[in-house]
Every structure is written in structure tokens, then in C-alpha cells.
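Okay, thanks for coming, everyone.

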Amino acid sequence: MRKRSVTVRVARWSALHPGRAVIGWLVFVVLCLGGGIAAGMNSATAEDFRVGEAGRAEALATEGGVQPRSTEHVLIRDASGSMSKPGPLDKTAADAAVKDITARMKSLPEVASVKAPVPSADGRVLRIPVELTGTEQDDQERVPPLQEQTAEAAKAHPGLAIEETGDASVSKGVDDQRNKDLQFSEAITLPITLITLAVVFGSVVMVGVPLLLAVTSIVATMGLAMVASHLLPDTGVGMSMILLIGMAVGVDYTLFYLKREREERARAGGRLTSEALVEAAAATAGRAIVVSGLAVIVSTTALFLARDVIFDSLATGTILVVAVAMVSSVTVLPALLVKLGRRTERRAAKRVARGKTVRTYGEKKPGRAWNLLLAPARKHPALTLGLSVLVMLGLALPALDMNLKNPARDSFSRDIPAMRGYDRLLQAFPEQRVRHVVVVRAEASQAGDVREALGALERRAQTDPLFARPADVSSAADGNSSGGPLLRSSEDRRTTTLELNVPHPTYSRKAEDSLDHLRHTYLPATVGKLPGVETAVTGEVPRGVDYVGHQNDKLPLVLGFLLLMTFVMTVFAFRSVVLGLLGVVLNLLSVGSALGVLVLVFQGDWAEELLSFVSLGGISSRVPLFLFVILFGLSMDYQVFVVSRIREAALNGVPTRKAVIDGITSSAKVVTSAAIVMVTVFASFVMLHILEMKQMGLVLAVAVLLDAFVIRVMILPAALLLLGRAAWWPSTAIRRAEARAAEARRGQADQERTSERPGVHSEAHSTHPEGRRIAQGR
């Protein structure tokens with residue numbers, strides 16, 4: 001007797017002990033959440049984000065105690081003028097407001113210094129720079145008290161418009177907006193998911209099962225993520241991924257299991273108990289869920305190869321939620337199905353006792369629409385394959401012109417008050433848009449030479465139209481100035497920084513060109529000539545440029561790992577090298593076409609008003625690498641579920657052509673339902689404000705649609721029909737199954753001919769159930 005798999009044994013125990021399984025799962029969820037709350041969230045620090053030369057510059061500056069501080073800007077303008085063109089400032093009122101704001105800010109422990117007010121070129125706006133005690137990355141928790149004092153000052157001076165903006169207030173506004181966006185996404189996703197599941201199952205009770213498991217899986221994962229953050233710090237995006245991926249795969253896995261259990265119920269016609277039906281479903285759908293989940297997990301581990309704290313956080317959240325959703329589907333789900341099955345059986349028994357008829361559940365076959373969709377691959381596989389591949393390649397072509405950009409403040413939504421203030425800041429003080437920080441490490445005896453060389457560098461930059469001449473000429477207020485507001489030296493005189501302003505958007509070519517001039521022309525010609533001096537440049541633009549370069553360096557490694565793991569997992573699941581290669585090609589087509597659509601929509605500006613975003617002229621640098629990994633994993637979902645049905649039929653002796661058609665047809669409804677749920681979850685992110693989330697939501701939704709309706713309906717069946725038996729190479733299991741089926745059919749035919757002779761009676765149909773089962777393709 002063949003030994004049962006672990007999946008079947010676990011499902012059997014859960015089916016026989018449903019109460020214990022349900023209670024055990026709830027205890028697991030509570031323990032995970034409780035453990036996470038007790039451990040708390042360990043958030044990433046500034047050091048965790050450092051990459052490339054910019055990261056090295058920040059490390060040098062921090063070690064010398066001259067790291068750039070986060071600066072908030074309090075703007076004062078006349079309240080009677082328009083926002084774009086304020087009226088003249090009343091000097092007396094403005095002086096009183098400056099004195100009030102300065103006193104308020106200096107009283108706060110979060111404030112390191114308050115500098116003298118700086119007037120705009122036209123004198124209509126005053127800017128008060130307020131330096132925080134933290135760094136540029138660790139400032140969000142310090143800014144609320146400043147915002148409160150700014151609001152109080154605005155009330156105290158009604159004739160003036162007083163507002164605050166800066167890195168800290170913008171970052172806090174982005175986080176607040178992200179939290180609201182996620183709540184909005186949940187509000188949209190849940191009703192549509194409920195409607196989809198209700199259409200699939202036609203039962204309110206059955207609708208609740210996938211949602212219950214998805215929600216409890218997400219809750220448990222959030223607790224585990226808090227614990228895991230003490231090994232891999234959280235960057236604030238992990239929870240978003242847990243919600244995004246958790247709802248999608250949680251419902252997805254449960255849906256496949258539920259559908260298979262109902263198919264087994266329809267096939268049994270009331271002759272099997274709920275426990276037996278669940279065990280039968282575990283042997284097929286349960287195994288497919290485990291293989292699919294492992295494929296997503298293995299694919300996602302590729303993100304760790306990027307050596308980036310953000311991707312570490314994304315990978316951790318994704319791996320945890322997929323693992324928990326997979327476990328819930330093969331442990332507690334069988335118990336819930338048995339509970340529901342017993343309830344159905346009791347109702348049926350009562351109806352029979354009252355003399356009423358009981359309608360046996362029958363699985364509906366795919367309708368005319370699905371038959372029409374499958375007709376091209378079935379009737380003209382070569383033509384269908386060729387045209388479908390050409391369409392996918394055509395969609396993928398724009399991805400070749402993908403331009404990676406680092407999304408910075410300029411791309412954030414203007415629904416954030418601090419961003420509207422940021423626009424007015426730049427209108428009055430355009431030189432404040434971008435800041436490059438040059439960090440120099442040398443011996444203390446070289447401090448004079450370093451300052452002189454940096455002065456020469458500054459003079460060169462001021463003659464370059466790519467740089468801006470600063471408007472503020474007041475002395476630095478922290479006592480560390482070395483001859484001007486842009487130069488700062490450490491107490492040991494070994495580390496010196498120079499700040500240079502650039503009046504161009506952070507993602508613009510001119511801003512990047514200014515950095516290139518600084519790093520490769522001005523630095524080597526000035527400070528770089530000094531012996532034994534270490535130099536580096538940081539700032540928002542340098543961080544973005546270095547980050548994109550880091551991504552490009554890691555992309556071949558991550559992509560190579562993905563391709564290898566996709567091949568290995570497919571070969572492991574189906575024992576076929578041909579299917580492994582086919583899986584790699586199909587995943588590349590799916591990902592490439594989705595990224596092509598992403599470039600078409602977001603790299604230009606034609607869809608800005610339609611989708612409410614500001615185009616970067618490129619794609620957010622984090623999006624492609626993350627999506628390569630996630631889409632490869634999610635594509636394996638459909639690959640495993642569809643091909644598993646085909647292989648199952650083929651192992652039962654069904655000819656390959658019929659197995660392909662039957663496998664695609666039998667999985668059509670569940671694949672469609674799962675795709676609709678996933679697309680709903682992903683598409684809701686397109687309506688969010690954060691550009692990265694918009695891009696991720698669109699590409700994931702497009703990829704799932706293309707995968708479900710083009711790859712799995714057109715390309716995959718056409719390719720398998722053309723390959724025929726060769727699709728299973730080098731495995732001989734299918735060949736042996738077909739041989740056994742053919743032998744069984746010949747034996748049955750011989751017995752039928754024998755039974756036709758006078759006086760001869762055959763019991764073939766009762767004594768050869770295995771042959772009959774194979775012949776019927778069961």
C-alpha cells in the first residue's frame with residue numbers, strides 16, 4: 001500500500017479531530033499576535049539604509065558628528081495674498097511672528113537650533129530654518145510637537161499665513177497617508193472578494209471560510225513579523241506586503257482546496273463521508289497548495305540577495321504570510337470543511353426522515369464563454385501559440401526602455417499639507433529643492449587645506465548653472481561653522497562637510513548631472529588632489545543614484561536565482577525537464593509583458609490625470625526587482641494548479657491531448673475566481689496616493705490577468721498539445737499509465753467479446769473496478 005503523504009496525514013488528523021484543529025489554530029493565531037505585541041516592532045535605523053558612496057558619506061559624517069540634520073522650514077507670508085503670489089509682508093507683524101516662533105521652537109527638546117530668518121528674493125516670504133536633534137532618516141517621531149507649535153503660532157498671528165514643511169513633516173505626512181490608503185484598500189477589497197466568492201460557491205457559509213482563514217493568517221503573520229523584525233529590521237513596508245499578499249494567497253489557496261473538495265463530493269454522490277472527501281481533496285489540492293506555497297517562498301528568498309534592508313523587509317513579510325496561509329489551508333481548513341460537511345449531512349438526513357428528496361451537489365461545468373476561450377488552443381494550437389506569444393512580446397517591448405528613478409519628495413501627493421508647503425517653499429526659495437553634501441575625512445593637520453579646497457570647489461560649483469547660489473548668508477548657529485553656513489567641521493577637525501544646493505527636481509536629469517559633475521570633475525580637481533584624503537557625497541539625489549546602481553548590480557544575480565529556482569521547483573513538482581523549461585519561459589513572458597504595461601502607463605505623462613500621479617519619467621527603482629520576484633512566485637500558483645490537474649488525468653491513463661483539455665477545463669472556473677480575487681486586491685492599490693504602491697498594484701493586477709487568461713488559457717494548452725507526450729520528458733510515469741490504460745481497455749474489450757458468446761457471462765464491470773476507473777479517466 002502506498003504511504004500517505006504528510007499533507008494527507010495532517011488533513012486526515014484534522015478531519016478526524018476538527019474541534020482540536022480549530023482550537024489549535026486559534027491558539028496559534030493568538031500566540032503569534034501576543035508574542036509580536038510583547039516583542040514589539042524593531043524599526044530600521046538610518047544605518048540600515050546606507051548604500052554605496054552616499055552611505056559611506058553618511059557613515060563618515062556620523063562618525064565625525066557632523067551628519068546632516070533634518071531641517072524643518074517655517075514659512076511666513078501675508079495672509080491676504082494668494083498662495084502663488086503673496087502680498088507684501090508687514091514688517092512689524094512679521095518680526096513679531098519670527099520672535100514668537102523662534103521662542104516656541106527653542107523651548108522644544110526635539111529642536112537642536114533655530115537659525116535667523118531668511119527672506120525670499122522678492123521679500124514677500126520669510127523662512128525660518130529649524131534643525132531637529134535627529135538625523136534625516138530618524139525624524140518622524142520628533143516633528144509632531146513642532147507642527148503643533150506652528151499651528152498655535154498661526155492662530156496667534158491671524159494676519160499672516162504660517163505653515164511648516166520639511167523632510168520630517170513630509171515623511172510623516174506620507175506615512176499617515178499610506179495608513180489611510182490601506183484602510184481605503186481594505187474597504188474596497190473585502191466587499192468585492194465577498195461578492196466573487198458568493199458567485200463561485202453560492203453559499204454565505206462557504207464564503208466566510210476563505211475570508212476567515214485569510215484574515216486570521218494575516219493577523220498571525222503580523223505578530224510573527226514583529227518578532228522577526230528583531231533579526232531583520234522593519235522598514236514600514238512589511239505590513240503593507242503582508243496585507244497585500246496575505247489576502248490574495250490566503251483566499252487563493254483556500255479557494256483551490258474548497259473547489260476540489262466540492263468536486264470530490266459531486267463525484268461521490270453521497271457515498272463518502274466528509275472525512276473521506278477531505279482526505280481525497282488533500283491528496284490533490286493539498287499537495288498543489290504546498291508545492292505552490294513553497295515555490296512562492298523559494299522565489300521570494302531571492303530578494304535577500306539584493307542586500308537591501310527594504311527588500312529584506314518585503315521578503316520577510318511575504319515569506320511569512322505565504323507560509324502561514326499555506327499551513328492554514330492544509331491544517332485547519334480540513335477541519336472546517338468536515339464541520340460544514342457534517343452539518344450538511346445532518347440536514348440531508350432530516351429531510352430524508354421527513355420523506356423529502358435531497359438534492360445531490362453537482363459540480364457545474366464551464367459555460368459557453370470558457371469553451372469559446374479554449375477553442376483556439378484546442379482547434380489551432382500552433383496558430384494560437386504563435387499569435388499569443390507575439391502579443392505578449394509586443395506588450396513586453398516597452399520594458400526595454402525602462403528608466404529607473406528614485407521616487408523622492410517631488411512625486412508625493414499634494415493631498416499632504418506638508419507637500420503643498422513644500423511647493424510654496426520652492427516657489428520662494430528654489431535653491432532649497434536639492435542638497436548635495438560633500439564629506440571629507442583627513443588628518444587634523446590638513447583641516448586648513450581641506451577648507452581651502454572646499455572653498456575652491458564651492459566657487460567652481462557657483463559658476464555651473466546646474467547648481468544654485470544659496471540665499472542665506474548668515475552664520476551657522478551651532479558653533480561648528482568654519483567660515484560660512486555651508487561648511488561644518490568636527491570637533492577633532494578631521495571631518496568637514498560642504499553643502500551645495502541644486503534648483504532641479506530630485507528625479508530630473510539635471511539633478512543627476514550636477515552630481516556627476518561634483519563627483520567626477522569638481523572633487524578630483526580640488527579636494528581630491530590632497531594626499532590621504534577620503535571624500536564622498538551624499539544627499540537625496542546621491543542616495544537615489546547609488547540605490548539604482550546597487551539595484552542594477554544585484555539584478556542579474558536575483559534574476560538568475562529566480563530562473564534557476566523556477567526550473568527546479570517545476571521539475572520537482574512534475575518530474576519533467578520540459579515543463580521546467582516551459583515554466584521559465586511562461587514566467588518571463590508574464591513578467592515581461594506586465595512590466596511593459598507598467599512602462600507604458602507610468603513612464604509617460606498621458607495617464608497622470610487618469611490615475612492621479614506625477615510621472616517621474618521613469619519607474620520607481622524598487623518596483624521592478626520586487627515584482628520580478630513576486631510575479632515569478634505568483635505565476636507558479638497557476639502553473640502548479642493547472643498542470644497538476646493535467647498530470648493527474650494523465651497518470652490515470654487519459655491520453656495527453658484529452659488530459660490537457662480536461663485539466664484546463666476543470667480548473668477554468670477556479671482559476672478565474674482566484675484571478676478575480678487577486679486582481680481586486682492588487683487593483684485597489686492603483687487608487688492609492690503613493691506612487692510605488694500604484695505601480696505595484698497595476699503591474700500585479702495586469703500580470704495576474706495575463707497569466708490567467710492568456711498564459712493558462714492560450715499559450716500553455718497550445719504548447720502542451722503541440723508537445724504531446726514529450727511534455728513529460730524524461731519521466732516515464734505518463735507513458736506507463738497510458739500503457740496500463742490501453743491494456744485495461746483491451747482486456748475489457750476481450751471480456752465483452754467473450755460475454756457475447758452463447759452461454760458465457762462476464763462480471764467484468766464488477767470484478768475489474770480499477771480497469772473501469774482508469775477507462776473512465778477517474
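**A walk through the model**

Let's start at a helix pair: H1 crosses H9, and the crossing is right-handed. Before I go on, keep in mind that this is a predicted model. H1 covers residues 6-16 and H9 covers residues 274-300, and the two axes sit 8 Å apart at an angle of about 140°. H1 and H9 are therefore oblique to each other. If you want to find the contact on screen, look on the H1 side for Thr7, Val8, Ala11, Arg12, Ala15 and Leu16. Their partners in H9 include Glu275, Val278, Ala282, Gly286 and Val290.

Okay, stepping back for a second. The chain has 778 residues, and 54% of them count as buried. In secondary structure we get 26 helices and eleven strands. And take the contacts between residues at least 6 apart in sequence: 80% of those join residues at least 24 apart.

What's the handedness of the crossing as H17 passes H18? It's right-handed. From H17, the contact uses Leu563, Thr566, Phe567, Thr570, Val571 and Phe574. H18 brings in, among others, Val577, Leu579, Gly580, Leu581 and Val584.

Let's stay with H18 and talk rings. The model has four aromatic pairs. One of them is Phe602 with Phe613, with 4.7 Å between ring centres and 50° between the planes, which makes the pair tilted. Where do those two sit? Phe602 is in H18 (577-602), while Phe613 is in the loop between H19 and E11, so the pair ties together parts that are eleven residues apart in sequence. Buried or exposed, then, for Phe602 and Phe613? Both are buried.

Look at Ser612 in that loop between H19 and E11. Ser612 has a positive phi, about 55°, and it isn't a glycine. Just as a reminder, most residues other than glycine have a negative phi. Ser612 counts as exposed because its relative accessibility is 53%, whereas Phe613 is buried.

There's another one like that: Arg307 has phi near 55°, also positive and also in a non-glycine residue. You'll find Arg307 in the loop between H9 and H10. At 64% relative accessibility, Arg307 counts as exposed too.

In general, most peptide bonds are trans. Pro730 is in the loop between H23 and H24.

H24 itself runs over residues 733-755, and Ala744 is in it. With 23% relative accessibility, Ala744 counts as partly exposed. Which residue is 91 positions away from Ala744 in sequence, but 9.7 Å away in space, C-alpha to C-alpha? That's Gly653.

Last stop: charges over rings. Arg127 lies over the face of Phe429, 4.9 Å from the ring centre. And Arg622 has its charged end over the ring of Tyr547, at 5.0 Å from the centre.

That's my tour. Let's go back to the picture and take questions.

How values were computed:
Residues are numbered from 1 along each chain as its sequence is written. This is a predicted model: local features need pLDDT of at least 70, side-chain atom pairs count only at pLDDT 80 or more; totals for chains, interfaces and linings use all residues. Side-chain values use heavy atoms; hydrogens and water are left out. Rings of Phe, Tyr and Trp (its six-membered ring) pair if their centres lie within 6.5 Å; planes under 30 degrees apart count as stacked, over 60 as edge-to-face and the rest as tilted. Helices (H or I, at least four residues) and strands (E, at least two) are DSSP runs, numbered from the N terminus. Buried means under 20% relative accessible area, exposed over 50%, partly exposed in between (1.4 Å probe, protein chains only). A charge sits over a ring if NZ of Lys or CZ of Arg is within 6 Å of the ring centre and within 35 degrees of the ring normal. Axes are lines fitted to C-alpha atoms, for helices over the stretch in contact, and angles run from 0 to 180 degrees between N-to-C directions. Angles under 35 degrees count as roughly parallel, over 145 as roughly antiparallel, 65 to 115 as roughly perpendicular and the rest as oblique. A crossing is left-handed if the near helix is turned anticlockwise from the far one by less than a right angle, and right-handed if clockwise. Contact means heavy atoms within 4.5 Å.
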